[in-house]
Amino acid sequence: MPELGVSPLFAGERHLSVDEARAAIAAALVPIVGTLTLPVGEALGRVLADDLVSPIDVPAHDNSAMDGYAFDGGALATGGDVALRCIGTLLAGAPFGGAVGAGECLRIMTGAVLPAGADTVVPSELARVEADVDGERVRIAPGVVRAGENRRRRGEDLAVGRAALRAGRVLRPADLGLVASLGFERVTVRRALRVALFSTGDEIRAPGEPLPAGCVYDSNRTSLAAALQRLGCEVIDLGLVRDDPAALTATLQRAVASADVVLTSGGVSMGEADHVRAVLARMGEVAFWKVAMRPGRPFAFGPLHRSDAATGPSGTPCWLFALPGNPVAALVGFYVFARDALLQLAGARATPLPVLQARCTSAIRKRPGRTEFQRGIVEPGADGARGWQVRLAGSQGAGVLRSMSEANCLVVLQHAQGAVAAGDAVDVWLFDGLV
Ligand code: AMP
Ligand code: MG
């Protein structure tokens with residue numbers, strides 16, 4: 001933990017680095033409790049509640065990895081040509097009662113259980129098959145197959161009693177397949193995190209309404225709700241709130257009564273305005289941070305107390321993440337502070353954001369001492385150059401949502417980093433890895 005004085009949540013007037021702010025958030029949070037059991041097909045993106053222990057060996061038997069001929073690999077020891085008499089055909093799912101004897105083989109299909117006496121499969125295309133008086137004779141030339149090849153071993157994927165997936169796993173398509181491969185129809189996952197979302201500002205209007213002079217449409221609620229959905233959160237939409245203490249208090253009270261987290265945009269810089277501070281001071285221990293970053297400097301975070309009646313079964317606080325109002329700053333703030341925190345609260349095991357290195361096509365002015373996030377478009381190197389390159393997407397103004405929409409990544413210029421020259425490698429967060 002960084003040294004932040006009395007409480008990690010209160011940094012006073014000092015600017016926190018992005019890393020310090022993220023560490024302070026992570027240290028404060030405790031995952032929610034509560035699970036439910038779902039059909040496997042409905043569990044995509046959910047957080048696995050308990051270790052998933054395999055009740056069976058997968059595969060359950062030694063079986064063939066190829067269409068071919070199964071035989072005893074010991075026959076290859078001579079190093080010469082091997083000739084085997086084919087005694088039958090074995091299909092997947094139809095076990096063979098007998099055994100393969102010396103000088104014999106069995107035609108076998110991929111996935112069929114290897115019969116007793118056979119530990120090796122020569123693929124059909126590598127065997128020469130000749131008609132013989134008593135059926136088929138299979139010839140294997142020296143070197144085409146080694147003893148034990150093309151055999152899938154019992155328990156090779158998973159041994160009985162082993163954890164196939166760990167608690168906290170965010171379930172991906174292959175994971176769901178793995179769950180099904182163990183014979184489970186249902187899986188126990190954490191309940192979804194409930195996130196109350198609202199926008200603030202007297203000048204903000206809902207789409208569909210007229211737009212008086214000086215007003216702007218509310219884009220943050222839409223983009224943030226979508227980002228929350230991608231994280232698997234349940235969104236409680238509390239709409240638009242005027243810059244007014246009574247309205248703010250009433251909406252926050254609704255939020256703490258129903259949600260694990262409150263996510264707001266706008267009005268954080270109004271943290272300087274006493275009435276917002278007063279509302280939040282009454283309701284919890286929210287800290288207003290000045291984070292050394294661009295965009296998104298003002299940010300508030302902290303626990304809101306629940307009234308007795310509203311205290312959830314776990315008695316945990318409701319966490320406020322108050323993002324700046326500028327549409328780009330709000331999304332960047334979401335990625336930088338809320339994304340990992342929400343996963344942590346949801347009980348997901350830490351999945352560090354993948355960082356890609358790409359060559360920057362242009363110079364970027366930057367001074368050390370703050371983290372900067374620029375919208376970028378990452379693409380394969382031009383003219384066949386190896387690796388990735390990134391160019392900046394349009395205007396980098398904090399309110400310009402269009403360039404955020406055109407971008408496919410954030411270029412992360414680290415706290416201590418100085419100016420970037422064209423051709424330098426920079427860190428890149430891919431949007432599709434972020435949410
Ligand atoms: P604030 O953080 O409230 O000072 O807002 C900063 C800027 O972001 C102002 O220009 C606001 O009009 C704009 N803004 C605030 N909230 C939203 C929103 N929900 N959608 C679009 N723009 C917003
Ligand atoms: Mg505002």
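Predicted model: local features only at pLDDT ≥ 70, side-chain atom pairs only at ≥ 80, totals over all residues.
Residues are numbered from 1 along each chain as its sequence is written, and chains are lettered from A. Local features need pLDDT of at least 70 and side-chain atom pairs count only at pLDDT 80 or more, while totals for chains, interfaces and linings use all residues; side-chain values use heavy atoms, without hydrogens and water.

**Exercise 1.** List the domains of the chain.

*Solution.* Domain bounds come from an automatic or database domain assignment.
- Domain 1 takes 8-34 + 191-345, and domain 2 takes 37-58 + 156-189.
- Domain 3 is 63-152, and domain 4 is 356-434.
- The C-alpha centres of domain 2 and domain 3 are separated by 35 Å.

**Exercise 2.** Give the strand order of the open sheet and identify its edges.

*Solution.* Strands (E, at least two residues) and helices (H or I, at least four) are DSSP runs numbered from the N terminus; two strands pair if DSSP finds at least two bridges between them.
- The order of the six strands is β16-β13-β17-β21-β20-β18, with mixed pairing.
- The edges are β16 and β18 (287-290); each has a single partner strand, so one side of each lacks a neighbour in the sheet.
- Inside the sheet, β17 and β21 run parallel and are joined by five bridges.
- L263 stands opposite F321 in β21.

**Exercise 3.** Determine which residues of helix α3 are buried and which are exposed.

*Solution.* Buried means under 20% relative accessible area, exposed over 50%, and partly exposed in between (1.4 Å probe, protein chains only).
- In α3 (residues 220-230), the buried residues are N220, R221, L224, A225, A227 and L228.
- They lie on the same side of α3 because their arc around the axis, taken from the directions to the C-beta atoms, covers only 160°.
- T222, Q229 and R230 are exposed on the other side of α3.
- The cover over the buried residues of α3 includes β13 (194-200), β16 (234-241), β17 (261-265), β21 (318-323) and α6, with contact meaning heavy atoms within 4.5 Å.
- Just after α3, G232 has a positive phi of about 85°.

**Exercise 4.** Describe the largest nonpolar core.

*Solution.* A nonpolar core is a set of buried Ala, Val, Leu, Ile, Met, Phe, Trp, Tyr and Cys residues joined through side-chain atoms within 4.5 Å.
- This core has 53 residues, of which W289, F321, F334 and L342 touch the most other members.
- Helix α6 (residues 327-345) gives the most to the core, with 12 residues.
- Domain 1 and domain 4 each supply at least three residues to this core.
- Another core, of 24 residues, lies apart from it and includes V256, V262, C318 and A322.
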